[in-house]
Amino acid sequence: MGHPSPDSPFRLRTIHVLGRVGLTCIVLVMLGGLAASFRHVVDHHENRDERPGLSMDDVRGAYHGLNSEAPLRRALEANHPAEVAGAAALADADRTVLLTWLSGDRISSDYDNLDLGDAAPAEIIAAHCLSCHDRQGASKTGGGVPLEYWDDVKSVAFAREISRTGDEIIIASLHAHTLALATLALGIGGLLLATTWRRRFAGLMIGLMGVGLLGDLAGQWLTRDAVGFAWLIVIGGTMFGGAATLSLLAVLVELWRPAR
């Protein structure tokens, strides 16, 4: 796959073995840094929407803010489960009880309040929802949303309001990351150009790193005014991280594969 270019005679594989050992260690440190950066992003953002795992709501909340209605309330207002083919409609009285409960300040304490008897939300949900939303069948018939226990219900019973990160923090983050990541991309690109991999491959990787980095960092600021730019953060970050990782792996191969 590699063909030395006459206008660029320097190649990493021509360096003394001790130099290649040193470069290998540096590349491994870079790879570890990329992995640590990804883990930091996940750990820093994944709990913003108070739900496990990193999601687009976490990203939107961090850079734009988020104010979303409780999923359970949204489903009830959409006449669920009557809109599902073959499903029995929920009585208007029971629907009103659930909507009133979700609008109050005692969502947790009134969920299975014994004083409410059959009008307790837990009783209504058990009677009308668990045929589709029990833990065993939720993945097949309940859209992946179990409602069997309070731990299940509370994940969809509360509205979420997330305040975006302050401007001064974003500016400080961009100040650090624009210089550090741009320098890292230049270093990785330079190493890749000193290999015998085809120039088309090197150009593609450098292009993806540059476009991805610009998209990621610009998206972090643009999302503050238009939430749709949150996808630019995700796509750009993925492009940069993927291309940088692949480039560094290609450099490792170059350092130690036998010379032709």
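Phe201, Met205, Leu208, Met209, Val211, Gly212, Leu213, Gly215, Asp216, Gly219, Gln220 and Leu222 of helix 11 touch Leu232, Ile233, Gly236, Gly237, Met239, Phe240, Ala243, Ala244, Leu246, Ser247 and Ala250 of helix 12, where contact means heavy atoms within 4.5 Å. By class, this contact of helix 11 with helix 12 has 15 nonpolar, 7 polar and 1 charged residues. Nonpolar covers Ala, Val, Leu, Ile, Met, Phe, Trp, Tyr, Cys and Pro, charged covers Asp, Glu, Lys and Arg, and polar the others, Gly among them.

This is a predicted model, in which local features need pLDDT of at least 70, side-chain atom pairs count only at pLDDT 80 or more, and totals for chains, interfaces and linings use all residues. Residues are numbered from 1 along each chain as its sequence is written, and side-chain values use heavy atoms, with hydrogens and water left out.

Here are two helix pairs; axes are lines fitted to C-alpha atoms over the stretch in contact, with angles from 0 to 180 degrees between N-to-C directions. Helices are DSSP runs (H or I, at least four residues), numbered from the N terminus.

| Pair | Axes come within | Crossing angle |
|---|---|---|
| Helix 11 (residues 199-222) and helix 12 (residues 230-256) | 7 Å | roughly 150° |
| Helix 10 (residues 167-193) and helix 11 | 10 Å | roughly 180° |

Helix 11 is thus roughly antiparallel to helix 12, a word used for angles over 145 degrees. Helix 10 and helix 11 are also roughly antiparallel to each other, and their contact has 17 nonpolar, 5 polar and 2 charged residues.

Now for the cysteines: the whole structure holds 0 disulfides, meaning pairs of cysteine sulfur atoms within 2.5 Å. For Cys129, the closest cysteine sulfur, in Cys132, is 8.7 Å away, too far for a bond.

Methods:
Helix = DSSP H or I, 4+ residues; strand = E, 2+ residues; numbered from the N terminus. Parallel < 35°, antiparallel > 145°, perpendicular 65-115°, else oblique.
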